[in-house]
Amino acid sequence: MTTHDPGCDKCEELLQGYLDRDLDPAEVVVAEGHLDGCDYCRRRYRFEEKLRRYIRLSASERMPAGLMAKLAELRDRAPGAL
Amino acid sequence: MSDAEAAEARRIAGEARDRVRFEEEALELADQVYRVARRLVGTREEAEELVQETYARAFRSWRSYTHGTNMRAWLLRILTNLNLDRGRKIQRTPDLQPLEEGDYYLANKVAAAEGEQALEQDQVVERLSQGGVVDALADVPHDFRDVVVLVDIGDFSYADAAQILDIPIGTVMSRLHRGRRILKQKLAEESLT
């Protein structure tokens with residue numbers, strides 16, 4: 001499969017909407033119809049799924065220890081606090 | 001106690017319960033709020049300050065939260081407004097945008113460097129180091145990054161992101177799509193060169 005198949009270009013355009021489940025049904029048919037027969041695009045869709053998971057995982061940083069206590073203190077100091 | 005006094009006592013008790021429920025729910029969300037805040041600003045210290053300011057304001061204005069609505073989005077709306085108020089550096093979008101690459105750009109770079117079969121491997125993305133992801137995200141211009149962080153890290157819907165940032169949903173989608181492409185370009189530059 002070449003990179004210059006117009007079907008691949010269209011499939012590339014649909015990638016984000018497809019993974020976001022935001023395509024209309026006709027576009028889903030186009031994307032899945034092409035993916036069925038195209039290893040090149042299928043690999044790239046899978047890569048994108050893995051990438052998204054990895055981005056979420058590696059960019060997500062836990063709250064530092066101690067912040068919760070500071071927030072609880074803010075609650076207790078708020079006007080009208082019980 | 002007169003009927004009026006009894007009704008007033010019940011009202012006060014009810015309000016106190018609502019307030020405690022609000023505070024508990026808000027504090028339970030602190031870690032999730034921090035995770036988003038951390039990627040919206042440059043340093044851990046700034047993120048901590050921003051979250052504290054957000055909670056200080058939330059505890060003062062808890063009455064403006066409508067019970068049963070999305071509290072995480074409500075808190076993030078306060079947070080993103082405060083972040084703007086803090087006068088985050090206005091980043092003018094350059095008039096001349098760099099040529100925008102397509103969505104396969106990073107995958108194509110990986111395939112060119114490691115071979116087409118590398119894309120099939122589960123660990124292929126892990127070779128883009130964790131620091132690479134954080135740095136690349138920090139390099140995405142603010143307007144685009146805010147949306148990518150809310151949707152892809154905060155797991156907010158397009159509609160929630162639109163409400164939080166007070167922009168139309170169509171703008172959320174176009175910034176999200178462009179932001180993700182820019183992110184992939186940055187990852188390709190930072191991880192594969």
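**A residue and its helix**

Guide: Leu187(B) lies in helix H9 (residues 169-191) of chain B, where helices are DSSP runs of H or I with at least four residues, numbered from the N terminus. This is a predicted model, in which local features need pLDDT of at least 70 and side-chain atom pairs count only at pLDDT 80 or more, while totals for chains, interfaces and linings use all residues. Residues are numbered from 1 along each chain as its sequence is written, and chains are lettered from A and ligands numbered from 1 in the order in which they are written.

Leu187(B) is buried because 25 other C-beta atoms lie within 10 Å; the term requires 20 or more such atoms, placed from the backbone. Leaving aside residues up to four places away in sequence, Leu187(B) touches Leu106(B), Leu128(B), Gly132(B), Val133(B) and Ala136(B), contact meaning C-beta atoms, placed from the backbone, within 7 Å. Between the C-alpha atoms of Leu187(B) and Ser129(B), 58 residues apart along the chain, the separation is 9.4 Å.

Helix H5 (residues 105-114) of chain B packs against H9(B) at an angle of about 25°, with the axes 8 Å apart; axes are lines fitted to C-alpha atoms over the stretch in contact, and angles run from 0 to 180 degrees between N-to-C directions. H5(B) is therefore roughly parallel to H9(B), a term for angles under 35 degrees. H5(B) contributes Tyr105(B), Leu106(B) and Lys109(B) to the contact, and H9(B) contributes Lys184(B), Gln185(B), Leu187(B) and Ala188(B).

Note on methods. Helix = DSSP H or I, 4+ residues; strand = E, 2+ residues; numbered from the N terminus. Buried ≥ 20, exposed ≤ 12 C-beta atoms within 10 Å, placed from the backbone. Contact = placed C-beta atoms within 7 Å. Parallel < 35°, antiparallel > 145°, perpendicular 65-115°, else oblique.
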